Amino acid sequence: MFENLLDLVKQHAGDAIINNPAIPNERNDEAISAASGSIVDGLKGALASGNIGGLVSMFKGNNP
């Protein structure tokens, strides 16, 4: 699952990271990994708080 999320971040945020002059090119993979980790932590927090319905809605596209 983490690999899938990492691929999604690469697809959707990769350009923002790669074209960001504040992030040296040799650190791009680290930045993508950090973004993925942050998303995973957010998902874990939502699950831990019992917000499963909110997560389901988000993945269905019902949550802004």
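Tutor: α2 and α3 are oblique to each other (under 35 degrees is roughly parallel, over 145 roughly antiparallel, 65 to 115 roughly perpendicular, the rest oblique). Heads-up: this is a predicted model, where local features need pLDDT of at least 70, side-chain atom pairs count only at 80 or more, and totals for chains, interfaces and linings use all residues. Residues are numbered from 1 along each chain as its sequence is written, and side-chain values use heavy atoms, without hydrogens or water.

Student: At what angle do α2 and α3 pack?

Tutor: We're pairing residues 28-48 with residues 52-60, both helices being DSSP runs (H or I, at least four residues). Their axes, fitted to C-alpha atoms, sit 7 Å apart. On a scale from 0 to 180 degrees between N-to-C directions, the angle is about 135°.

Student: Which α3 residues meet α2?

Tutor: Contact here means heavy atoms within 4.5 Å. α2 brings Leu43, Ala46 and Leu47, and these meet, in α3, Ile52, Leu55, Met58 and Phe59.

Student: Is Asn28 buried or exposed?

Tutor: Asn28 is part of α2. Beyond its neighbours within four places in sequence, Asn28 touches Ile17, Ile18 and Ile23. Its relative accessible area is 8%, and under 20% is buried, over 50% exposed, in between partly exposed (1.4 Å probe, protein chains only), so Asn28 is buried.

Student: Which element has the lowest mean pLDDT?

Tutor: pLDDT is the predictor's per-residue confidence, from 0 to 100. The chain averages 82, with 92% of residues at 70 or more. α2 has the highest element mean, 87, while the lowest, 77, belongs to α3.

Methods: Helix = DSSP H or I, 4+ residues; strand = E, 2+ residues; numbered from the N terminus.
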